[in-house]
Amino acid sequence: MKKKFFMIFCSIAFVANTYSQEQNSIKLLDANLTNFNTHIGVPHATVVGLPEGTFQANDVTKGTPLGLNNDIKNVFTTTNVGGETILNISGEIYGCINTKENYSNYHFSTMFKWGNKKWEPRLLRRKDSGILYHSYGEYGRFWNTWKTCLEFQVQETDLGDFISLSGNRSEPKVDGPKVEIRGDQKAEKKHYNPNFETYFEGKGYIHAYLEPQEPHGNWNHLELYVVGNDAVHVVNGKIVMVVENAINPETNKPLTEGQIQILSEAAECYYKDMTITPIIEFPKFI
C-alpha cells in the first residue's frame with residue numbers, strides 16, 4: 001500500500017498546481033470527432049428507423065452489435081455553439097466514442113450535463129453515461145459494446161463512482177482490472193472513504209465519498225487525474241474517489257495506460273471543453 005502518497009487525499013477540497021505542460025493540452029473534441037472511433041452496440045427492440053435486417057433485441061448485451069464506425073442512427077454528433085464544439089449523445093443505442101490513442105499520466109477534464117430523453121432498456125431508471133479509462137482489448141468485450149476498463153461513473157446522483165468492467169464476451173471470461181480503494185472493508189455497501197486506513201478490493205460497484213452534482217440542466221466539471229496505476233476522480237472541484245494499484249489481470253502487470261471511451265447508455269447528455277493534459281505527478285490536494 002502506498003499509504004504515504006494517499007495521505008494527501010484525506011481532505012476533499014483541493015488546489016491544483018499550475019502545470020508547465022498546460023500548453024501541451026490536447027482538445028479532444030472537434031466537429032468530425034477525428035480523435036475517436038465509434039463503436040455501437042446492439043439496438044434495443046424498440047429502436048425504429050434501422051435498415052431492414054438489423055439485429056435488435058430486448059437484451060442489448062447479447063447478439064450482433066452495429067459495430068465499429070457504423071453510427072447509422074447518429075447517436076454521437078457535434079454542434080458548434082458560440083465557437084465551441086459540443087458533443088451530443090442521443091443515448092438511443094448503447095455505444096461509445098473511443099480514443100484512437102492510448103494515454104498515460106494525464107489530467108482529463110470535461111464539462112458535462114444531462115439532456116431530457118431516456119430510452120429502453122433504461123427508460124424507468126436513472127440517466128446513465130460514463131467515462132471509461134485504461135480501456136484495452138477488443139471492441140465489444142463488455143456487453144458487446146465496450147472494452148475492458150476502469151469506469152468513472154456518470155449517472156444521476158452518482159457522478160464519479162467506480163466500476164471495473166470485465167470482458168464477458170470472451171471464453172473463458174476475462175476478469176476486470178483489479179484495484180484497491182480506501183474504505184471500510186467490512187461494509188456491505190462499498191464506499192470510498194479517505195478517513196479509513198484499511199483498503200478493499202475494488203470489485204463491483206464502488207460508491208463515491210461525495211455526490212456534488214449540479215441541478216439538472218447545469219454543467220458539471222468532471223476531472224480524472226492519472227499517474228502510473230493510480231487515479232483520482234474529481235467532480236465540481238471535489239475529490240470523490242481515489243483508485244490505487246490498478247492491475248491488468250491478463251498480464252498481472254500494473255495498468256498504467258489505455259484508451260478513453262465516452263458512453264452512450266440510454267440517456268441523452270452533452271459534453272464540451274474536453275481536454276487531456278500530460279502530467280508527471282498529482283497536483284497538491286489540501
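User: What is the volume of the largest pocket, and what makes a site a pocket?

Analyst: The volume is about 550 Å³. Of its 32 lining residues, Phe142, Trp143, Ile163, Ser164 and Leu165 are the closest to the centre. A pocket is an open set of points on a 1 Å grid over the protein atoms alone, where a 1.4 Å probe fits, with protein on both sides within 12 Å along at least five of seven lines; lining residues have an atom within 4 Å of a point. Volume is the space filled by probe spheres set on the points, which are joined across faces, edges and corners. The model is predicted: local features need pLDDT of at least 70, side-chain atom pairs count only at pLDDT 80 or more, and totals for chains, interfaces and linings use all residues. Residues are numbered from 1 along each chain as its sequence is written, and side-chain values use heavy atoms, leaving out hydrogens and water.

User: How do you know whether Cys96 is buried or exposed?

Analyst: Its relative accessible area is 0%. Buried means under 20%, exposed over 50%, partly exposed in between (1.4 Å probe, protein chains only). So Cys96 is buried. Cys149, also at 0%, counts as buried.

User: How many disulfides are there, and why is Cys149 in that position?

Analyst: The count is zero. For Cys96, the nearest cysteine sulfur is that of Cys149, 9.1 Å away. A disulfide needs two cysteine sulfur atoms within 2.5 Å. The sulfur of Cys149 is therefore too far from its closest partner, in Cys96, for a bond.

User: What makes a set of residues a nonpolar core?

Analyst: Its members are buried Ala, Val, Leu, Ile, Met, Phe, Trp, Tyr and Cys residues, joined through side-chain atoms within 4.5 Å. The largest has 59 residues, with Tyr133, Ile262 and Tyr271 making the most contacts inside it. Another core, of 13 residues, lies apart from it and includes Cys96 and Ile163.
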